[in-house]
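Biologist: I would like to go through this model with you. May I begin with a side chain and then move to the chain as a whole?
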Amino acid sequence: MKVDDSLISRLEDLARLELAPEERLRLQAELENILDMVAKMQELDTEGVEPLAHLAQHPAPLRDDEPEGCWPVGQALGQAPVRHRDFFVVPKVVSSPNA
Amino acid sequence: MTVPPDLPAIQAALRGGNLHCRQLVEHYLEQAERNRALNIYLEVFREEALAKASESDARLAKGEEPGRLFGCVLSIKDVLCYAGHRVSAGSRMLEGFESQFSATAVERALAEDAIILGRVNCDEFAMGSTNEHSAFGPTRNPVDPERVPGGSSGASAAAVAAGTCLASLGSDTGGSVRQPAAFCGVFGLKPTYGRISRHGLIAYASSFDQIGILSRTATDAALLLQVIAGPDPYDSTVSLEPVPELEPLLRDDSPRRIAWLALGEGQGVDPAIAEAYSNLQGELEKRGHRLEPVQIPLLNYLVPAYYVMATAEASSNLARYDGLRYGHRTARAGDVGELYRKSRTEGFGAEVKRRIMLGTFVLSASYYDAYYRKAQQVRRLIKRELDRLWENCDLLLLPTTPSPAWPLGQMTDDPVGMYLADQFTVMANMAGLPAISIPFGYKDGKLPLGMQLLGPAFAEPALLALAHQLTGKSS
């Protein structure tokens, strides 16, 4: 399958990645090779075969609905790249109506 | 110092006072130091390991009954959380990250008095077959430092092969425990999907990922599995199947019906491996097992299906690395969209980006049915085919890899070549079945080769017993 520049841009956007121009070119070629390898699957007749996504052998058992394994706020925020008191600091995501 | 050959022998020496835990840890630390150039350890927990060893010695001297894993000195792959210790998945994305809790497997091993010597390198987010895709440099193969140790648990295999620890905990998504075990000449056990809790294992492809064990003997793998396997309220995909007492089962030498995979022209198997493979068949027959050849026509479709599904799951799992709550955050972002993009772009290496892009592609609306759905159907077919196989035989024998360890740098520009080298290992992950790689033979008298046994779900006792029979010199 042909992987063109616009497909790379679309995937970049979906995956939230930004590739350098030379990385884009390399990835274009690599994805084409990988998709050629993967195309082998199309030889198989899978008409009517039910897809199998997961192998867990039983319905997932749930824990009782009791709070446990909780952490103090300081610990939960302990790995935050930027924090302010008990909050993660992130760039502004809403603009004020007057802006 | 010569370390006794396996954990029961180590424990007997410790109990008899001929050996002290501290001596043992000092020995492993020395070995780790001596093999520094191989870049196995990302971090050695020196003082802590020594303190724990002294504590174990003191408790034993007082006559206290130690835990089942006393004297078991482990290394852990850099994808397993250990509370209060760093874990980075071989990635800049998690550089400096500290675990806030321990993986269930790690916690259970510690509770039985195992000592963790350090954290070992791996391919970034466990994606790779060579250990060259680590942000912290490649690990080298102790057998031949110009060759790769395999991957992604390459440094785990190297750590065991170089004698820097008794065993190592790794993870296996498409062969990441078995292939490096084969490349370095040690045992590599990938248990049944769900046999060991994945709580605290950094996720790559959740429907395939399984914690595995790299060790010098089948006995040690059994003793470790015994402790770390079993139900866990923190992993809803873990199996509720009880874990049998494994050590006595190692001595089960009842004759088995073993199907062996007939190798075709297309598989590109190294002649040394083909020879060892046929020797092993002879050896098994001599021991009273019944062998018969089997064809698995789906074999050539498994690597394609595996890479579609695993990358799809990876693209979803790795969406969590957004630079907001933990992990790398770019210093150059204006708005939140840019923060995501730049943090991820700076944090992930080339192989991880490649797999995220592929996974994103196969999950995208226009291609979902042709790729992702198709791959899931292949998965159903291989599961069915293997289920049918178990009606007439107990285990399946096949090589672990088509070739021994290759030179560093050989596969770095050839992702397709690297992926195809997984042709014999992905089957166990596609079908969620247990498999073990057994060191068996050498190429040119030097490069280790691995042979693989695969069984139905929860056949770990049979796999370990056979591995033990073939190689065991246990105490």
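Biologist: Which backbone oxygen does the side chain of Gln100(B) reach?
Modeller: This is a predicted model. In it, the side chain of Gln100(B) reaches the backbone oxygen of Gln75(A), at 2.2 Å.

Biologist: What else does Gln100(B) touch?
Modeller: Leaving aside residues up to four places away in sequence, Gln100(B) touches Trp71(A), Gln75(A), Ala76(A), Gly78(A), Gln79(A) and Ala83(B).

Biologist: Where in chain B does Gln100(B) lie?
Modeller: Gln100(B) is in the loop that runs between strand E2 (73-77) and helix H4 (104-111) of chain B.

Biologist: Is Gln100(B) buried or exposed?
Modeller: Gln100(B) counts as buried, because its relative accessibility is 18% and the cut-off for buried is under 20%.

Biologist: Turning to the whole chain, how many helices and strands does chain B have?
Modeller: Chain B has 16 helices and 11 strands. Its radius of gyration is 21 Å, close to the 23 Å from the globule rule for 475 residues, so chain B is as compact as a globular protein of that length.

Biologist: What share of chain B is buried?
Modeller: Buried residues account for 66% of the 475 residues in chain B. Of the contacts in chain B with a separation of 6 or more, 75% join residues 24 or more positions apart.

Biologist: And the charges: how many positive and negative side chains are there in chain B?
Modeller: There are 47 positive and 54 negative side chains in chain B, and the centres of the two sets lie 3 Å apart.

Notes: Residues are numbered from 1 along each chain as its sequence is written. Chains are lettered from A and ligands numbered from 1 in the order in which they are written. This is a predicted model: local features need pLDDT of at least 70, side-chain atom pairs count only at pLDDT 80 or more; totals for chains, interfaces and linings use all residues. Side-chain values use heavy atoms; hydrogens and water are left out. Helices (H or I, at least four residues) and strands (E, at least two) are DSSP runs, numbered from the N terminus. The radius of gyration is taken over C-alpha atoms; the globule rule is 2.2 Å times the number of residues to the power 0.38. Buried means under 20% relative accessible area, exposed over 50%, partly exposed in between (1.4 Å probe, protein chains only). Contact means heavy atoms within 4.5 Å. Lys and Arg count as positive and Asp and Glu as negative; His and the chain ends are not counted. The place of a charge is taken as NZ of Lys, CZ of Arg, CG of Asp or CD of Glu. A polar contact is a pair of N or O atoms within 3.5 Å; within protein, one must be able to donate a hydrogen and the other to accept it, and residues adjacent in sequence count only if both atoms are side-chain atoms.
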